[in-house]
Amino acid sequence: MIDMLQTWIEKIRSNNANEVSDLYHKDGLLLGTFSNIERNGQKLILDYFKNLLKSQVDVEIITKHEYKTEAIATASGLYNFILNGKKIEARFSFVFLKTKKKWEILSHHSSILPK
């Protein structure tokens with residue numbers, strides 16, 4: 001498995017919402033840091049990233065815990081978003097699914113780290 005988390009970060013840094021949303025499964029679920037709704041399916045996920053990437057965004061991994069099998073993988077931990085120069089501490093969990101074509105994000109939860 002390629003490092004899907006690193007791929008996701010690279011796509012975020014590219015500031016291209018289409019490339020980011022293409023990483024998600026067609027039935028993927030995003031519970032985004034900067035949204036108050038469930039984003040189920042690529043259209044809603046694309047809308048989320050189109051809005052988010054109007055700003056300059058970077059991501060730095062603080063901690064990462066991974067589990068992998070042949071068909072499924074998870075990554076969770078802490079990361080910081082750098083949004084227009086402001087650091088936002090958050091936590092994350094990804095579930096990646098191996099499809100016939102590639103690894104895709106099936107589920108992604110991200111939320112601001114409580115104080």
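H25 is buried, with a relative accessible area of 13%. Buried means under 20% relative accessible area, exposed over 50%, and partly exposed in between (1.4 Å probe, protein chains only). This is a predicted model: local features need pLDDT of at least 70, side-chain atom pairs count only at pLDDT 80 or more, and totals for chains, interfaces and linings use all residues. Residues are numbered from 1 along each chain as its sequence is written, and side-chain values use heavy atoms, with hydrogens and water left out.

**H25**
- H25 sits in strand β1. Helices (H or I, at least four residues) and strands (E, at least two) are DSSP runs, numbered from the N terminus.
- Leaving out residues up to four places away in sequence, H25 touches Q42, L97, T99, E104, I105 and L106. Contact means heavy atoms within 4.5 Å.

**D22**
- D22 lies in the loop between α2 (17–21) and β1 (24–31).
- D22 counts as partly exposed because its relative accessibility is 44%.
- Beyond its neighbours within four places in sequence, D22 is in contact with Q42 and K102.
- D22 and L46 are 24 residues apart along the chain, and their C-alpha atoms are separated by 8.4 Å.

**Helix α1**
- Helix α1 covers residues 4–14, and M4, L5, T7, W8, I9 and I12 are buried there.
- An α-helix has 3.6 residues a turn, so residues three or four places apart point the same way.
- At the start of α1, a side-chain oxygen of D3 reaches to within 3.3 Å of the backbone nitrogen of L5.
- N15 follows α1 and has a positive phi, near 65°.

Terms used: A polar contact is a pair of N or O atoms within 3.5 Å; within protein, one must be able to donate a hydrogen and the other to accept it, and residues adjacent in sequence count only if both atoms are side-chain atoms.
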